[in-house]
Amino acid sequence: MKFKALTVAALTVAMPVMALAGPDDDKLVINGEIEIVTKAAAPAHMEETGIDTVMSGWHFRADETQALEMDDFDNPGMIFVDQAIDAWNMAEGSEGKSCASCHDDPSSMAGVRAVYPKWNEAAGEVRTLAMQVNDCRVNKMGADKWKYAGGDMASMEALISVQSRGMPVNVATDGPVKAVWEQGKELYYTRTGQLDLSCASCHEQNYGNMIRADHLSQGQINGFPTYRLKNAKLNTVHARFKGCIRDTRAETYSPGSAEFVALELYVASRGNGLSVEGPSVRN
Amino acid sequence: MKLTYLTVAATLVAGSAFAAEVGPKEVKYNDDTAIEMSLTGVAGDPEKGAVIMATKSKGNCVACHEISALSAAFQGNVGPMLDGAGDRWSVGELRGLVVNAKMMFEGSVMPSFYQVDGFTRPGNAYTGKAGQEPLAPLLSAQEIEDVVAFLATLKDE
């Protein structure tokens, strides 16, 4: 006799339990003023998943870790934001320009993080924030590219993200990005590696459950870049994807690859409606 | 001289051990769910099985399952609790579950512990780099027998 995987049936049972285990009444307000939407009605495209509420990874962390994100003085990620302000104002490259030369104050970036990855009409491609930053560096400043998931890039992404904190993530899933979004969705559900697990195996079927010492979240990226206590630095979205795929005993994709750009667009769209939260704090 | 002699002897021993083993490609399921025949012909050691199940670099079963008889910290709950598994399943079924749980539970997230190829983007263990199929199975034939022997002891009194 054959059974359908228990997990499907178990999901309905697990949900209410998880709601109890998840800190339902915890609210994330940063610096006593920026209200962060950490739970939102799932976007329409997720109807087939059976998930009706999308949740920030913040809800799955311990109280002490959560608290670090509630005040910028406690958030270790903010140190990197300060460093990025220096980079923002520093002229580099053959054109003698800095970010500030074209964009004035970083506050001009309000709203930007919320809509990336997005379609770039002139280039005819879906661009992540990191791709756009490097495009400015190379084509506007005549400077070298930053390493895609390196420290300079993570810090700059944190600075740009901070300008949009509290605004709802709202990436496009349709129109010119449609094909890339579909590719990302396909990758999300592809089981890889010797452990034969997909993103969905852990973050859709099993969020709220424990995998060894880890409380599985929905794997949302509204909080990126994220400061991890584990490695004491800012972590980019693609570095996190790489780590999760590596953990399936698979050959990973590289940060900045077309596959990860597509996956980022799709995963970002599963968080449409949640607030931009980065730089967040996780373990 | 001496070295050559030893190598030959070692090959002979390894060769004969191998011949008695049922390889990953040779396992036979009954009714798609149970593997009645031992993979090695050597009785499993339940104590070793318990260690394998709790060891991260081995079975790491506790990542997903709670087992009261094991003292490992941080037992997960992605899969069902295994207390009483020895009552619920025959030895053949337990062997079938550890070798390839997807035979019993279609689409299961439980990894196949005795599978060496047919993966998507197989990696070289946890390096993130490409691996070459056939990969080494997650557990050896005897390790699976040890795990099965331990599972069979999990009975509700």
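## Salt bridges

In this predicted model, Glu48(A) and Lys185(A) form a salt bridge whose closest N and O atoms are 2.7 Å apart; the term denotes a side-chain nitrogen of Lys or Arg within 4 Å of a carboxyl oxygen of Asp or Glu. The pair links distant parts of the chain, 137 residues apart. Glu48(A) belongs to the loop between β4 (39-41) and β5 (53-55) of chain A, while Lys185(A) is in helix α8 (residues 178-189) of chain A. Helices (H or I, at least four residues) and strands (E, at least two) are DSSP runs, numbered from the N terminus. Over all chains, the structure holds 17 salt bridges.

## Basis of the values

Residues are numbered from 1 along each chain as its sequence is written, and chains are lettered from A and ligands numbered from 1 in the order in which they are written. Local features need pLDDT of at least 70, side-chain atom pairs count only at pLDDT 80 or more, and totals for chains, interfaces and linings use all residues, while side-chain values use heavy atoms, with hydrogens and water left out.

## Interface of chains A and B

Contact (heavy atoms within 4.5 Å) involves 42 residues of chain B and 31 residues of chain A. About 3200 Å² is buried between the two chains, and carbon and sulfur atoms give 53% of that area. Buried area is the accessible area (1.4 Å probe) that two parts lose on being put together, summed over both. In chain B, the residues that lose the most area to chain A are Val109(B), Arg121(B) and Tyr126(B), together 23% of what that side buries.

Between chain B and chain A the count is one salt bridge. The side chains of Lys102(B) and Asp196(A) meet in a salt bridge, at 2.9 Å from N to O.

## A sheet in chain A

Three strands of chain A form an open sheet with mixed pairing, in the order β11-β10-β12; two strands pair if DSSP finds at least two bridges between them. The edge strands, β11 (233-235) and β12 (280-282), each pair on one side only. Strand β10 (residues 226-228) pairs with β12(A) in the parallel sense over three bridges, and Thr226(A) stands opposite Ser280(A) in β12(A).

## Backbone exceptions

Most residues other than glycine have a negative phi, and most peptide bonds are trans. The bond joining Phe224(A) and Pro225(A) is cis, with omega about -5°; Pro225(A) is found in the loop between β9 (214-215) and β10 of chain A. Another cis peptide bond runs from Glu133(B) to Pro134(B), with omega near 0°. Asp31(B), which is not a glycine, has a positive phi of about 55°.
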